[in-house]
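The following note sets out several points for a colleague who is new to reading structures. Please keep the sequence and the model in view while reading.

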Amino acid sequence: MTGKTESAARAVDVWKSYGTGEAAVTALGGVSVDFERGRFTAIMGPSGSGKSTLMHCLAGLDTIDSGDVWIGDTKVNGLRDKGLTDLRRTKVGFIFQQFNLLPTLTAEENITLPPAIGGRKVDRAWFDTVVDTVGLRDRLSHRPTQLSGGQQQRVACARALVSRPEVVFADEPTGNLDSRSGAEVLGFLQRSAREFGQTVVMVTHDPNAASYADRVIFLADGRIVRELHQPTADAVLETMKHLDGDELVVV
Amino acid sequence: MLKATLKSVLSRKLRLVLSGLAVVLGVMFVSGSFVLTDTLDRSFKSLFTTIYSDVDVQVAVKPKVGSDDPDQALAGTLTGDDLAKVKSVEGAGRVVGDVVGSARPIGENGKVLTTSGAPRLGTAWRDGGQEQLREGRAPVRDDEVAISAYLAKTGGFSVGEQISLITLEPKKTFTVAGIFGYPGNRDSLGGELTTAFTEATAQRLLLGQPGAYSGITVQAAPGVAEDVLRQRVQDKLGDAYQVKTGEQLSKDSADQVGEGLSFFNYVLLGFAGIALFVGVFIILNTFSIIVAQRTRELALLRAMGASQRQMIGTVVLEAVVIGLIASVVGLGAGIGVGALLANIFSTVGGGSLRLEGISVPLSAVISAFAVGIVVTVLAAVLPALRASRIPPVAAMREAATPDRPLTRPTIAGTALTAAGGGLLWYGFAEGALWFIMSGLLVSFIGVALLTPLISRPVVSVIGKLLSWSMPGTLGRRNSARNPRRTAITAAALMVGIALITGVSVVLTSATTSITKVAEGQVKSDLIVSGEASGPGGDATFQPGRLDEVARLSGVDSSFGWYSDRILVDGKPQFGIAVTDVPVMQKQFGLSAKEGAFAELADGTLALDEDSAAALGVKQGSTVSVQTTKGEARTYAVALVYAKNNVLVNAIVLPEGAAKQFRVEQLSNAFVQVSPGVAVQDVQKRVEPLFADNPEITVQDRSAFVKQQASQLDTVLLMIQILLALAILIAVLGVINTLALSVIERTRELGLLRAIGMRRAQVMRMITVESVVISVFGALLGLGVGTALGVGAVRALKDEGFTDLGIPWAQMGSYLLIAAVIGVVAAILPAIRAARLNVLQAISYE
């Protein structure tokens, strides 16, 4: 009746297509995947491979045509708007590529926004731990416009973690950052999985970013085609090349 | 460029509708006023042509005192001799002596029947006149009357029933012998209530003189021209008589109604102007937001080589297109509204005025297009200039434009507010309407410029009250995000609320002042007055009743007066003939300036110092006084009394002068109760004396004051209704600003939804923003309105505004209404925001 408790998020034979009839495009073609609790997983694949769609469906931002999606022991498909909102509020954290913060709020207010919206109290000890880990202690009263891109993204990371969600979904979190800021953010995501046991799922097309993860799954044409554990950047790059090669063969 | 602009307009339909709607409403008001007044004007012209259709020449006595009222039949009377003279004129056909006066029928509820402006007439029945019997027969006996079908319907009378009427004499009861209509199967000519008596009764009750006529109507013999006959009659009777052709009479009456209608039109256009002024704010704001949102698009055009003039051109062209469309729609709506109001007027208001078809005068069309296009373009000029100043490099930068400093608008705003205040002060002090209007305009613009500066502290205070939850806090922060945008939106609401508040303050101060004077200075405990007493008013009572009042136990002193319009040295004045001047002095607390209070001797008069100064007289001067009847007489000024707020601008004449008044009956009486006697007890004894006259009421002092003040409430209500349009347009502005903000913040909303904000919370956030803006606008309006009202009251101190009254309750309700407006305005934008697709919103460009 419930999802396996050892997995923080799970997709079972998920199908998803856009458009109808002749113009229909299959974005996900029977994807089944488990995201174990406390692990940092990267989803990779070429443009149009369905990696972002998979993440959106896992997070309940997009609907699926068939299959099942679980976050912890909550079945995501079938929930209505209110249920999905509650899910996002309590069980899911988000980090987007850009535009992650509200310009009217300070860094601290942005970080505590999810509990504030949910009318819950902020766990101050946990808040302090998170803030110190991302190194934003002296920036808490700043507005987003007064922060650098890397600092803004670290605020977004802290916000995603502050409610201790089942899963943090990160959508190309380093796409808009220079390499140093990107490394800081990735290092933080890695630490949050290893030290705090936070499950993190990250979509990226950058092999270097993927090398921070414990596990990388590769998507092509809406299917999972490869999987790497404890990857290095080189190994990821190599796999990507093969994927491209496979595609060439297919086409 | 034209093609690009048109595409841009059409691709943003919502924006087009919202900014256009403000103009549509304004144009609708303007063209509707023209259609309404033009239609009514033509209908009245046709009505008067009908009324005078069987009159070729009419004779009346030249009025001695100029009067606005053509139905003042008592201007003077003609005799049987005059009638005989006219009959002997060569070429005169049917010659009839008219007896026309005022007769007020009493309805089933015991109250006098009222019309909305049309007269309540009594006439002498004439066979072969315009009146056509429908039922029964003509009145034959002195206690019989025939009534118009409209009166029969209004009062529910039928043949054989009793009808009571008030004429110069108190209530008298008659039997309805017949019911008559008019040619064309009309129940009435224009909503009037007519009762026809036998000639003798009519002469006695309506003119107060047996054998007298109010006028003579002549029909020309076949082949005799109206003009020729008119000249012959005039020659026969001499210059003391006014002889007019039917055509002339019809024209005179129509002109007079036309004058009233054109005044009415000006009032409506004034309110339309206010609505359009508010519309300018809305359009200005809309275009500003659009230019800000399209900064990158416009900068790209610049980068590709578009000139500054072309940039201005695109924005202005967009304004012209919107203005043109709005004018067409507004004109159409205006014709509809004008027609609707004309129909309401003809069926409900004016009784049975026949509409001569709805007409659309050229003025309505021209003004619709002129106003619609000019207003829209005017409002778009500033945003257009701003668009032209966008540097090409902005195309490459992130859109975030830094807050521009508020120094320049603040300086300009301070200067304009001060200038506007000065104009207003001069305008109120001198009673110069143009100064008041331009002062209002200038100071509103000045305050609007200051609003962004004020908005920061005020908005944060209002917002704190509403931000007990996170969505509330976000809404408050959003409203403070762009001070200029919030400020203009709020300023639009300010205009309407400021005007309403200003008027309320003035009217409340008037009430407070009246009450203060009444409670402090006046010692009269009971006031006997008619519903429409005053000069030319109908409700009067016989002097004998005052004597009966004086004899009642518990009455300490009493006096009364007759009132009429008079001419003093040729200048129109309000004259009263007072029964007992010393008692009046005592009850009203008057003090003498020159001379002493005593019973006025025949041929002497008293006046207040202002009137004396205006007429250039002092004690001992002589003046010529012309009353309605009789010849002009010379009066000596016996007394000049000090300026006061009880008896204002009245010329006090001795009681005997009333013999030459229009109606030799009292219009008011004042009673002071003996010490230790309850006022109510005396009121109970006085009331029965006037029981036969439902037009006369006996009130204690506070009830009288309340009744006077309630007339001001009607004025306030009318102004509130007319200003509601300006407020409605301001509400559109709030909706507009919110809708554009929601579009602008699509990604933010997506983010909030993604991290767990509920739809209801999104809606609450938008609602708080809306309420903050509306309440801010209302507070501004209340502040500015109070300042306006206080200024006006101070400036009018010499006109009797002794005390300042602040209408706290009303102001509180305006604030509450503003909050409700905020909630209502937020509905559509909030639903739109809540329905956003999270995924699409996050990736929105």
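**Notes on the model**

1. Chain A has nine helices and ten strands; helices (H or I, at least four residues) and strands (E, at least two) are DSSP runs, numbered from the N terminus. This is a predicted model, in which local features need pLDDT of at least 70 and side-chain atom pairs count only at pLDDT 80 or more, while totals for chains, interfaces and linings use all residues. Residues are numbered from 1 along each chain as its sequence is written, and chains are lettered from A and ligands numbered from 1 in the order in which they are written.

2. For 251 residues, a compact globule would have a radius of gyration near 18 Å, and the 18 Å of chain A agrees with this. The radius is taken over C-alpha atoms, and the globule rule is 2.2 Å times the number of residues to the power 0.38. The C-alpha trace of chain A spans about 55 × 40 × 35 Å along its principal axes.

3. In chain A, 49% of the 251 residues count as buried. A residue is buried if 20 or more other C-beta atoms lie within 10 Å of its own, exposed if 12 or fewer, and partly exposed in between, with C-beta atoms placed from the backbone.

4. Helix H7 of chain A (residues 179-196) reaches 25 Å from its first C-alpha to its last, close to the expected 26 Å; the expected span is 1.5 Å times one less than the number of residues. Its buried residues are A:Gly182, A:Val185, A:Leu186, A:Phe188, A:Leu189, A:Ser192 and A:Ala193. They lie on the same side of H7(A) because they cover an arc of only 150° around the axis, the arc being that of the directions from the helix axis to the C-beta atoms. On the other side of H7(A), A:Ser179, A:Arg180, A:Gly187 and A:Glu195 are exposed.

5. Which residue follows H7(A)? A:Gly197 does, and its phi is positive, near 65°.

6. Five of the five residues of strand E5 of chain B (residues 120-124) are buried, so this strand is largely enclosed by the rest of the structure. B:Arg120, B:Gly122 and B:Ala124 point one way from E5(B), and B:Leu121 and B:Thr123 point the other way.

7. E5(B) pairs with strand E3 (residues 100-102) of chain B in the antiparallel sense over three bridges, and with strand E10 (residues 193-197) of chain B in the parallel sense over five bridges. Two strands pair if DSSP finds at least two bridges between them.
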